[in-house]
Amino acid sequence: MLRVRCLRGGSRGAEAAHLIGAMLGRSMTGWVQKTFQSTSSAQQHCAAEDEHVTEPVQQECPVCSYNEWDPLEEVIVGRAENARVPPFTAEVKANTYERHWPFYQHYGGQSFPVDHLQKAVAEIEEMCNILRHEGVTVRRPEPIDWSLEYKTPDFTSSGMYAAMPRDILMIVGNEIIEAPMAWRARFFEYRAYRPLIKEYFRKGAKWTTAPKPTMANELYDEEYPIRCVEDRHKLASQGKFVTTEHEPCFDAADFIRAGRDIFVQRSQVTNYMGIEWMRRHLAPEYKVHTISFKDPNPMHIDATFNIIGPGLVLSNPDRPCSQIDMFKKAGWTIVKPPPPMIPDDHPLWMSSKWLSMNVLMLDEKRVMADANETSIHKMFESLGIKTIKVSIRHANSLGGGFHCWTSDIRRRGTLQSYLH
């Protein structure tokens, strides 16, 4: 008796052909493949004729990623084009440092400095070219005019950018989870990614949009008392953030994946309601662990705690993890990256110098890192990992490193547990 096992999330015809061929020989394989190809072609033809057909096209699902290090096959890379400085609202003020507040007060709602932005665009184009050279399929969000002002019943704002897909899209297996976000300037950011998401959905991916917050005043502590770094440390240690628990909110970049275990931090943009929504949504197949750090301004986990391999994590020495013993007991290797080499006078309007550790793994033995960070190159070399060097210093100024600027759509691997 022949049994054909159907796997979740992709073309079943190709899998059936492979299994039948393995049992009956190469000649039979060719016949079976042609049969399924013919069937698939007919199905696609019918789908094209009837625009109301909702069945997915029968082919391999293009979305599948369980962790941060399996071989990368397809990735979304953000766009710097048309990027705007967000208006200087309470949630933006809480996430930026005092020395940059005059910049926001001057440029809020306007374009980032044009010359700087043009250099960032060129850097990201080169990054895309290098990814393609490394065998990775690169997709891009739609260019959008972010200067348009919009109004909801609760607030008025203009847009920001579609530069950091990691912030808004989280891939768990064959599911795309669209994060609700927490900044009003990013309320409509999802629009830049919708054409891609719809394409992936039609090809078999799951698509979930988390509850969209109203972003009414009640979501924010409008009087959040920050004047200096010491204030930030004190407030963070007390578990006080600019976002309240009025409604769920989270950025996808506050989560980081390691197979069946997903780690998240409560931050200025991710509240406990958002974490609980994700925990319930992913249970029981995945376990969401809340971890914390000695961080005066937590926002996005991947420049603080970046998992780069099975049982291998970069842990920011300036922001120690309070639950690090959990990883040590599981036998993980904790690597403290060297100090960043970004010059003090380089503008980082939306992030810290620790973007140096915000790297993108192409597989377990290749990593995309900044060409200027020679000390971290040596660290990776000592770990047996080859660095693919790209300079994105001007793109860093917009608030992200390689991990932030990307969302890995497909990595070749399987679902496993790494926290024992």
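Student: How many residues does the largest nonpolar core have?
Tutor: This is a predicted model: local features need pLDDT of at least 70, side-chain atom pairs count only at pLDDT 80 or more, and totals for chains, interfaces and linings use all residues. A nonpolar core is a set of buried Ala, Val, Leu, Ile, Met, Phe, Trp, Tyr and Cys residues joined through side-chain atoms within 4.5 Å; buried means under 20% relative accessible area, exposed over 50%, partly exposed in between (1.4 Å probe, protein chains only). Among the residues with the most contacts inside the largest core are Phe112, Met127 and Trp405. Its size is 84 residues.

Student: Which helix gives the largest share of this core?
Tutor: Helices (H or I, at least four residues) and strands (E, at least two) are DSSP runs, numbered from the N terminus. Residues are numbered from 1 along each chain as its sequence is written, and side-chain values use heavy atoms, with hydrogens and water left out. The largest share is seven residues, from residues 114-133. That is helix H5.

Student: What percentage of the residues in the protein is buried?
Tutor: The secondary structure comes to 12 helices and 17 strands. The protein has 420 residues. The buried share is 55%.

Student: Among contacts between residues at least 6 apart in sequence, what percentage joins residues at least 24 apart?
Tutor: Contact means heavy atoms within 4.5 Å. Take the contacts between residues at least 6 apart in sequence. Of these, the share joining residues at least 24 apart is 72%.

Student: How many disulfides does the rule count?
Tutor: A disulfide is a covalent bond between the sulfur atoms of two cysteines. The rule asks for a pair of cysteine sulfur atoms within 2.5 Å. Cys321 is buried at 8% relative accessibility, and Cys404 is buried at 4%. The disulfide count is zero.

Student: Where do the buried residues of helix H9 lie around its axis?
Tutor: In H9 (residues 272-282), the buried residues are Gly274, Ile275, Met278 and Leu282. The arc is that of the directions from the helix axis to the C-beta atoms. For H9 the buried residues fall within 100 degrees, so they line one face of the helix.

Student: Which strands do the buried residues of H9 pack against?
Tutor: The partners lie at 169-172, 175-178, 255-258, 261-264 and 287-290. In that order they are E5, E6, E8, E9 and E10.

Student: Which residues of helix H7 are buried?
Tutor: H7 covers residues 194-202. Its buried residues are Leu196, Ile197 and Tyr200. They cover an arc of only 100 degrees around the axis, which puts them on the same side of H7. The names, then: Leu196, Ile197 and Tyr200.

Student: Which side chain joins that of Arg166 in a polar contact of 2.6 Å?
Tutor: Arg166 sits in helix H6 (residues 165-168) and is buried at 6% relative accessible area. A polar contact is a pair of N or O atoms within 3.5 Å; within protein, one must be able to donate a hydrogen and the other to accept it, and residues adjacent in sequence count only if both atoms are side-chain atoms. A polar atom of the Arg166 side chain also lies 2.9 Å from the backbone oxygen of His403. The side-chain partner at 2.6 Å is Asp408.

Student: Which backbone nitrogen lies 3.1 Å from a polar atom of the Ser267 side chain?
Tutor: Ser267 is in the loop between E9 and H9. At 0% relative accessibility, Ser267 is buried. The nitrogen belongs to Val269.

Student: Is Met215 buried or exposed?
Tutor: Met215 lies in the loop between E7 and helix H8 (229-237). Its phi is positive, near 60 degrees, although Met215 is not a glycine. At 0% relative accessibility, Met215 is buried.

Student: Which peptide bond is cis, with omega near 0 degrees?
Tutor: Look at Pro284, in the loop between H9 and E10. The cis bond runs from Ala283 to Pro284.
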